[in-house]
Amino acid sequence: MIPARYAATRFPGKLMEMLGNKAVIVHTYEATVATGLFDSTVVVTDSEIIFKEIESNCGTVIMSKTEHESGTDRIAEAAADITCDIIVNVQGDEPFVKKERLQKLLQHFDDTT
């Protein structure tokens with residue numbers, strides 16, 4: 001899951017800034033999907049702007065409440081209705097997320113079983 005808040009305090013709208021020909025959040029979503037590590041990748045946002053951007057790029061997106069204090073809280077709200085074993089939080093401003101780093105993280109879950 002990728003938490004995505006439009007109204008960031010330090011840099012409002014950062015996730016919708018263009019990086020080449022796409023918004024940062026779209027790059028992050030596509031890079032996460034491209035790892036092939038997850039059954040599904042979902043952006044969780046409180047922003048109609050981000051919601052529409054992900055939807056228009058054929059992505060999966062869930063609308064959350066606006067009053068969350070953190071991205072983790074935003075994910076927890078969305079995860080309450082999902083049955084799964086593991087949820088990975090990929091930050092929305094990580095357009096260059098790499099498969100290897102996420103694989104290392106996922107290995108920790110394999111090691112505990």
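Is Cys58 buried or exposed? Cys58 is exposed, with a relative accessible area of 71%. The model is predicted. Three strands form an open, parallel sheet here, and helices H1 and H2 pack on that sheet. The salt bridges come to three, while the disulfides come to zero.

**The sheet**

- The strand order is S1-S4-S5, and the pairing is parallel.
- S1 and S5 are the edge strands, each pairing on one side only.
- On average, neighbouring strands of this sheet are turned by 25 degrees against each other, direction ignored.
- S4 and S5 run parallel and are joined by three bridges.
- Val44 has Ile62 of S5 as its bridge partner.
- In general, strands of a sheet pair through backbone hydrogen bonds, in a parallel or antiparallel way.

**Helices on the sheet**

- Helix H1 touches S1 and S4 as it packs on the sheet. The direction of H1 makes about 175 degrees with that of S1.
- Helix H2 also packs on the sheet, touching S1, S4 and S5. The direction of H2 makes about 160 degrees with that of S5.

**Helix H3 and its buried face**

- Which residues of H3 are buried? They are Arg74, Ile75, Ala78 and Ala79.
- Seen down the axis of H3, these buried residues fall within an arc of 130 degrees, so they line one face of the helix.
- The cover over the buried residues of H3 includes S1, S4 and strand S5 (61-63).

- Side chains of opposite charge can pair when their charged atoms come close.
- Asp46 and Arg74 meet through their side chains, at 3.9 Å from N to O. Asp46 sits in the loop between S4 and helix H2 (48-56) and Arg74 in helix H3, so this pair ties together parts that are 28 residues apart in sequence.
- Asp46 counts as buried at 18% relative accessibility. Arg74 counts as buried at 2%.
- Asp93 and Lys14 form another salt bridge, at 2.7 Å from N to O. This pair links distant parts of the chain, 79 residues apart. Asp93 lies in the loop between helix H3 (71-79) and helix H4 (99-111), and Lys14 in the loop between strand S1 (2-4) and strand S2 (18-19).
- Asp93 is partly exposed at 37% relative accessibility. Lys14 is partly exposed too, at 26%.
- Lys22 pairs with Glu30 in a salt bridge, with the closest N and O atoms 2.6 Å apart.
- Lys22 counts as partly exposed at 26% relative accessibility. Glu30 counts as partly exposed at 30%.

**Cysteines**

- A disulfide is a covalent bond between the sulfur atoms of two cysteines. The structure holds zero of these bonds.
- Is Cys84 buried or partly exposed? Cys84 is partly exposed, with a relative accessible area of 39%.
- Cys58 has a relative accessible area of 71%, so it counts as exposed.

**Thr41, a buried loop residue**

- Where does Thr41 lie? Thr41 is in the loop between helix H1 (24-34) and strand S4 (43-45).
- Thr41 has a relative accessible area of 8%, under the 20% cut-off, so Thr41 counts as buried.
- Leaving aside residues up to four places away in sequence, Thr41 touches Ile2, Tyr29, Thr32, Val33 and Thr60.

Note on methods:
Residues numbered from 1 in each chain as written. Predicted model: local features only at pLDDT ≥ 70, side-chain atom pairs only at ≥ 80, totals over all residues. Heavy atoms only, no water. Helix = DSSP H or I, 4+ residues; strand = E, 2+ residues; numbered from the N terminus. Buried < 20%, exposed > 50% of the residue type's maximum accessible area, 1.4 Å probe, protein only. Contact = heavy atoms within 4.5 Å. Disulfide = S-S within 2.5 Å. Salt bridge = Lys/Arg side-chain N within 4 Å of Asp/Glu carboxyl O. Arc of directions from axis to C-beta. Pairing = 2+ DSSP bridges. Axes fitted to C-alpha atoms, helices over the stretch in contact; angles between N-to-C directions.
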